[in-house]
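Dear colleague,

I am handing over the structure shown below, and after it you will find my notes on what was found. Please read them with the structure open beside you.

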Amino acid sequence: MKNNAGDIKILYPLSLKELGNLCEEFPDALLFAGGTQLMRTIKEDPRCLISLNAIRELTRIRRKENYIEIGSCVTLSRILSLGENVVPIALYKAISAAVGPSIRNTATIGGNICTISHISDLIAPLVLYDARVELRTLSGIHWLPLLRFIQTHEKTGIVAGETLLVIRIPLEEWDMQTFIKTDIIHSPKLSVLKCAAAVRTNKNSINDLRLVFGGISPIVLRSRELEGILIGDKLPLQKKSIDLFCSELTKLLETKKEDFLPHPYHFGTAIRFTRYFLSSLNTG
Amino acid sequence: MKITFNLNGKETTLDSPPLKSLLDILRKDLGLTGTKCGCHKGECNSCLVFYNEMLVNSCLVPAFRLNGTKVVTIEGFTQTKEYQTIEKAFLKMNITGCGFCIPGLILATEALLTDKPHPTRDEVTENLSAFLCLCSGYQQVVDAVLYVSELRRKKKGEK
């Protein structure tokens, strides 16, 4: 469906196929999903705008045994409405903490990811669960780990000709998973820290541990090397094991201090969160 | 572009640039100034309206998304019986102040109680935490929402 509105051509594709054709025909078209970011930042009217929210494939949620696939144009409120039993807990908490109900009704999961900036609240929990994204580029459609998508797009953001189609989140059993967000609104610029963590045990030993921080720059921090320190450790964790882990985390954060955690308060918060999370494994 | 949508129960047609916000259309084109403009960034929540029965920030809804939709502003909502209990509760709790955020708060209260008729204090606090209000005080607003819930429970004869 097309609508010429003054100088702006507005297109409303109903399927991915239609979207693909339109993107080829109008390579400079502005893709418009929820609009919560674009409506704030757009300075000039585009010549062509493609509205994404009627595309079936981008607005559906598919739940399989081992994963859930969420179309990039699914709103945050729709994801929350699936409930805590379906949505992985850290992601559920992140969406709840991200914005108020009115924004959740229009903001989309894809939009939150594609901002690729510190204001994205969902990147940290999605990286925690090893989410993957399906991306349409000029060379075709392919899957990419979200972490790699973030790393490759950190400087550029999503570029013309690319469309984020689907986010696939593995559904795994976790013994404990959590998310916190802290804002400092009085620093020179808004400073936000997101912490996400999850642990799985097997026969009272740590089988998998994940820890992700979201901040200003880099967008997200995750170290598999650090996570591996406690793999195989028996519960309850010894104080010296927690101390060692936190000491290694401190060293890691020190190396990132120039870019990451711009507000000094966040440095301590990241360590305290980690210590609290690891200690809570002993008490359940 | 030509836009036709249902505004407060009436079919409304107008010409608008496609990216003009619903907020600007309401206030500047249609003179419905009950919907307030605080930040134009979706942060202050003073511009809330119901859009297809969902609470949204009208400053973030572009005109091209309006065709065929149903929009209810504070002017339309005050004509409903649901408004009566909210008004009663807000008056009882002395939520006056400058009044700038009140239209948004009223619509947010209705949205919350539609979704959760009997919320806890924590749920109300969390739900309304995105509001910026400098003069009426947050606790009274939370008290008022809980009072509305109580009034409606009594009205329905629930225990």
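**Notes on the model**

H40(B) counts as partly exposed because it has 16 C-beta neighbours inside 10 Å; by the definition used here, a residue is buried if 20 or more other C-beta atoms lie within 10 Å of its own, exposed if 12 or fewer, and partly exposed in between, with C-beta atoms placed from the backbone. This is a predicted model, in which local features need pLDDT of at least 70 and side-chain atom pairs count only at pLDDT 80 or more, while totals for chains, interfaces and linings use all residues. Residues are numbered from 1 along each chain as its sequence is written, and chains are lettered from A and ligands numbered from 1 in the order in which they are written.

As for confidence, the predictor gives the complex an ipTM of 0.92 and a pTM of 0.91. Chain B has a mean pLDDT of 93, with 99% of its residues reaching 70 or more; pLDDT is the predictor's confidence in each residue, from 0 to 100.

**Backbone details**

To return to H40(B), this residue sits in the loop between α1 (22-29) and β3 (48-51) of chain B, where helices (H or I, at least four residues) and strands (E, at least two) are DSSP runs, numbered from the N terminus. The phi of H40(B) is near 60°, which is a positive value in a residue other than glycine. A positive phi, near 50°, is also found in N52(B), again a residue other than glycine, and N52(B) is placed in the loop between β3 and β4 (54-57) of chain B. With 14 C-beta neighbours inside 10 Å, N52(B) counts as partly exposed. In chain A, the peptide bond that joins L235(A) and P236(A) is cis, with omega about -5°, and P236(A) belongs to the loop between α9 (224-228) and α10 (239-256) of that chain.

**The two domains of chain B**

Chain B is divided into domain 1 (2-77) and domain 2 (81-156), with bounds that come from an automatic or database domain assignment. Their C-alpha centres lie 22 Å apart, and 14 residues of domain 1 of chain B are in contact with 13 residues of domain 2 of chain B, contact being defined as C-beta atoms, placed from the backbone, that lie within 7 Å of each other. On the side of domain 1 of chain B that touches domain 2 of chain B, β3 and α2 (74-77) of chain B each supply at least two residues, and β3(B) gives the largest share, three residues. By class, this side of domain 1 of chain B has eight nonpolar, five polar and one charged residues; here Ala, Val, Leu, Ile, Met, Phe, Trp, Tyr, Cys and Pro count as nonpolar, Asp, Glu, Lys and Arg as charged, and the others, Gly among them, as polar.

**Where the chains meet**

Which elements does chain A bring to the side that touches chain B? The contact takes 19 residues from chain A and 20 residues from chain B, and the elements of chain A that give two or more residues are β1 (2-5), β2 (8-11), α2 (38-41) and α5 (101-104). Of these, α5(A) gives the most, with three residues. The side of chain A that touches chain B has eight nonpolar, nine polar and two charged residues.

**Core and strands**

The largest nonpolar core has 119 residues, and those with the most contacts inside it are L91(A) and L126(A); such a core is a set of buried Ala, Val, Leu, Ile, Met, Phe, Trp, Tyr and Cys residues joined through C-beta atoms within 7 Å. The largest share of this core, eight residues, comes from helix α4 (residues 102-115) of chain B. Not counting residues up to four places away in sequence, L126(A) touches L91(A), A131(A), L146(A), I167(A) and I169(A).

Five bridges join β6(A) to strand β9 (residues 163-170) of chain A, and the two run antiparallel; strands are taken to pair if DSSP finds at least two bridges between them. Strand β5 (residues 61-63) of chain A pairs with strand β6 (residues 67-71) of chain A in the antiparallel sense over three bridges, and a hairpin joins β5(A) to β6(A) through three residues.

With kind regards

Definitions and conventions
Contact = placed C-beta atoms within 7 Å.
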